[in-house]
Amino acid sequence: MLYRTAGQFKTTYKADHALFPVRQDAWLLAFILLLAFVVFPLTASEFAFRALLIPVLIYSLAALGLNILTGYAGQLSLGTGAFMGVGAYACYKLMSIFPELNIVVAVALSGFFSAAVGVAFGLPSLRIKGFYLAITTLAAQFFLVWLFEKWGWLYNYSVSGAIQVPNISVFGITFAGPRASSVTQYYFVLVIVAVITWFAINITRGRIGRMWKAVRDMDIAAELVGINLMKAKLSAFAVSSYIIGVSGALFVFAWRGAAEPNLFDVSLSFRVLFIAIIGGLGSILGNYLGAIVIVALPVILGTLPQAMGIPVTPATAEHLNTMIIGSVIIFFLIVEPHGLARFWAIIREKLIIWPFPH
Amino acid sequence: MDFLNSIIVQPFADMIGAPDFLLQVLWEGLVSGVLYALIALGFVLIFKSSRIFNFAQGIMVVFAALTLVGLYEHGVPALLALPLTLLVMLILAIAVERVVLRPLVNQPDIILFMATIGVTLFLIGLGEIIFGGENKVMITEQLYIPTGSFEFEPFGGFLLIEQKDVTAVIGAVLLVIALLVFLNKSKIGRAIRALGDDHQAALSVGISLSTIWVIVWFIAGIIALATGIVWGARAGVSFALEVIAYKALPVLMLGGLESVTGAIIGGLAIGILEKLFEIYWGQPLLGGNTEAWFAYVLALIVLLFRPQGLFGEKIIERV
């Protein structure tokens with residue numbers, strides 16, 4: 001009843017092609033956008049911005065990139081962390097070579113660097129498949145992190161080997177660096193995430209997206225019906241790495257403020273993969289749900305014992321955290337291997353016919 | 001010219017110039033290669049019998065070693081701690097089968113892979129809570145592993161071979177032989193291989209999937225304990241050991257996911273080649289620490305020519 005689609009007639013092809021053909025979906029989206037653009041910035045505390053809102057957005061963007069590669073094109077990747085690093089270091093170098101560059105342009109450009117690296121490491125995917133392919137992305141992961149550490153030019157030969165984000169202002173508003181306010185950074189990230197999400201929804205439901213899905217479901221069959229495998233796989237690597245690179249640049253410039261090479265190690269790759277899998281492979285919505293779970297869980301677990309008055313040392317809390325995240329991942333996989341997005345799909349189905357069971 | 005010289009000529013000149021050092025490097029490489037091969041063997045066993053890419057093998061090594069040392073520290077005699085640790089690994093195998101694998105039968109590979117990563121995280125957290133995060137010393141002497149060293153003087157140089165490394169190599173060889181005999185001659189071994197060939201056919205002739213999975217995970221646990229003892233004796237026992245799981249992955253890929261021989265040969269090859277590369281090319285030319293990625297790049301290059309690894313089963317694709 002709440003989601004009843006009866007009476008929503010589509011009288012033109014254009015209406016049929018709409019991004020959200022069901023009216024309730026559009027309302028829901030409008031509500032979420034209202035929350036994200038108006039309500040959260042007005043009500044959120046500094047802590048909420050730093051620990052929840054900004055990381056959720058950045059992680060979901062990274063997961064979106066990974067999901068395009070793994071969920072839509074079916075190429076398993078374990079090198080997300082390193083590709084995020086490429087984006088971050090590219091943005092850092094761009095900003096230090098051209099200090100006058102607009103930060104938005106720099107972030108957008110840095111994605112192209114990681115896209116290029118992604119395509120280079122994607123080339124073996126034409127021959128290597130499945131878990132064997134995971135090894136080529138892991139090669140990227142370990143090689144690139146090693147490179148971030150050894151290639152002094154990347155971090156301007158700073159003594160610590162880390163990159164520090166300077167204060168960057170556009171039109172008098174500080175977007176990045178120590179002086180930037182959380183609200184500005186939040187809007188900065190939010191706008192980029194919203195634009196890329198819109199782009200991703202459209203690309204995945206169009207010709208290219210269908211090509212990817214065909215390759216994912218069975219690449220030999222896809223080849224037989226005339227899909228150019230090279231084009232499909234490499235375009236998936238390029239688009240995915242571009243998005244991941246942008247998220248990496250935001251990760252450092254709009255959230256962390258500084259980064260050292262081991263920030264981009266394999267555990268970051270796994271965290272993003274968890275988000276994509278818990279959210280649901282092959283869905284756009286899932287990335288946001290997964291990111292909310294993975295980012296919010298440690299925060300909740302960190303504050304819960306104090307709130308309940310149980311004394312726990314920070315070290316124990318952290319280890320408990322790891323343990324609980326491990327169990328939650330297993331739990332989600334057992335309960336719904338298709339991820340939270342499938343949960344939402346089931347709920348939506350039920351709401352359409354509610355209050356009747358069939 | 002100078003550059004080419006430093007890549008092509010100089011390293012080999014160094015090798016010939018100091019043959020005793022070269023032997024030392026080769027020996028070190030061989031010992032770590034044996035360890036990589038052992039871990040990869042644990043992976044291969046589980047992959048063969050259940051098509052699960054078991055990421056948790058690395059953490060099982062740490063967990064087994066920590067349990068052994070932890071039990072000893074709590075006053076259990078070393079020789080009693082050993083079977084007790086095996087008991088813990090058996091319980092772990094049963095728990096993993098019951099809680100994680102059984103509900104996930106027939107799921108896509110990636111889901112099972114993620115589940116083993118979940119197991120990894122769980123074991124890391126549990127291990128740190130129970131045993132603490134600090135580095136512990138492996139109870140080498142209490143287990144009657146000799147700790148002295150042999151010294152040789154080949155080519156008028158100097159070569160140091162530690163006895164515990166020799167023990168490690170011999171132990172690993174014995175373990176591998178025992179495993180091969182078990183897999184090829186015993187009834188259970190045949191059942192494991194049958195499951196690896198075809199799940200449904202194996203089930204239909206009355207092989208119990210869950211029993212075999214418990215057995216396989218338990219064997220992987222035994223291998224983990226052996227690896228943990230040997231590696232712990234070299235580098236101490238801590239969660240830093242977990243990185244060796246990442247070392248075993250390229251070994252697997254190089255050898256082929258289904259092949260026991262592949263795991264052994266891949267392990268030895270990667271162990272030796274990465275040491276040679278690090279000493280003669282990595283440190284002088286690239287700033288060192290190339291061991292972090294060398295194995296992967298090597299595996300990648302091999303895979304480009306043989307997508308199923310050196311000894312893997314040929315991938316047959318049908319529509």
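User: How many residues does the contact take from chain B, and how many from chain A?

Analyst: Two residues are in contact if their C-beta atoms, placed from the backbone, lie within 7 Å, and here the contact takes 38 residues from chain B and 35 residues from chain A. This is a predicted model, in which local features need pLDDT of at least 70 and side-chain atom pairs count only at pLDDT 80 or more, whereas totals for chains, interfaces and linings use all residues. Residues are numbered from 1 along each chain as its sequence is written, while chains are lettered from A and ligands numbered from 1 in the order in which they are written.

User: Which elements give two or more residues to the side of chain B that touches chain A?

Analyst: Elements are DSSP runs numbered from the N terminus, with helices (H or I) of at least four residues and strands (E) of at least two. On the side of chain B that touches chain A, the elements giving two or more residues are α5 (109-131), α10 (243-255) and α12 (291-305) of chain B, and the largest share, 15 residues, comes from α5(B). For class, Ala, Val, Leu, Ile, Met, Phe, Trp, Tyr, Cys and Pro count as nonpolar, Asp, Glu, Lys and Arg as charged, and the others, Gly among them, as polar; this side of chain B has 30 nonpolar, six polar and two charged residues.

User: Where does A:Ile128 lie, and which residues does A:Ile128 touch?

Analyst: A:Ile128 lies in the loop between α5 and α6 of chain A. If residues up to four places away in sequence are not counted, A:Ile128 touches A:Leu133 and A:Thr136, together with B:Leu303 and B:Pro307 of chain B. A residue is buried if 20 or more other C-beta atoms, placed from the backbone, lie within 10 Å of its own, exposed if 12 or fewer do, and partly exposed in between; A:Ile128, with 23 C-beta neighbours inside 10 Å, therefore counts as buried.

User: At what angle do α3 and α10 of chain A pack?

Analyst: Axes are lines fitted to C-alpha atoms, for helices over the stretch in contact, and angles run from 0 to 180 degrees between N-to-C directions. Helix α3 (residues 46-72) and helix α10 (residues 229-256) of chain A pack at about 165 degrees, with their axes 8 Å apart. Angles under 35 degrees count as roughly parallel, over 145 as roughly antiparallel, 65 to 115 as roughly perpendicular and the rest as oblique, so α3(A) and α10(A) are roughly antiparallel to each other. A crossing is left-handed if the near helix is turned anticlockwise from the far one by less than a right angle, and right-handed if clockwise; α3(A) passes α10(A) in a left-handed crossing. Among the residues that meet are A:Ile54, A:Leu61 and A:Tyr72 in α3(A), and A:Phe237, A:Ile243 and A:Trp255 in α10(A). By class, this contact of α3(A) with α10(A) has 20 nonpolar, three polar and no charged residues.

User: Is A:Trp212 buried or exposed?

Analyst: A:Trp212, whose place is in helix α8 (residues 207-217) of chain A, has 28 C-beta neighbours inside 10 Å and so counts as buried. Leaving aside neighbours within four places in sequence, A:Trp212 is in contact with A:Tyr72, A:Ala73, A:Ala232 and A:Ala236. The C-alpha atoms of A:Trp212 and A:Thr70 are separated by 9.9 Å, although these residues are 142 residues apart along the chain.

User: What span should helix α4 of chain A have?

Analyst: The expected span of a helix is 1.5 Å times one less than its number of residues. The 18 residues of α4 (residues 80-97) of chain A should therefore span 26 Å, and the end C-alpha atoms are 26 Å apart, which agrees. Since 14 of the 18 residues of α4(A) are buried, this helix is largely enclosed by the rest of the structure. α4(A) packs with helix α6 (residues 131-150) of chain A at about 35 degrees, the axes being 8 Å apart, in a left-handed crossing. The residues that meet include A:Gly85 and A:Tyr89 in α4(A), and A:Leu144 and A:Phe148 in α6(A), and the contact divides into seven nonpolar, three polar and no charged residues.

User: How are α2 and α3 of chain B arranged, and what of B:Arg51 in the loop between them?

Analyst: Helix α2 (residues 19-50) and helix α3 (residues 57-73) of chain B pack at an angle of about 120 degrees, with their axes 9 Å apart, and are therefore oblique to each other. The crossing of α2(B) and α3(B) is right-handed, and B:Ile39, B:Gly42 and B:Phe43 in α2(B) meet B:Gln57, B:Gly58 and B:Val61 in α3(B). B:Arg51 lies in the loop between α2 and α3 of chain B and, with 15 C-beta neighbours inside 10 Å, counts as partly exposed.
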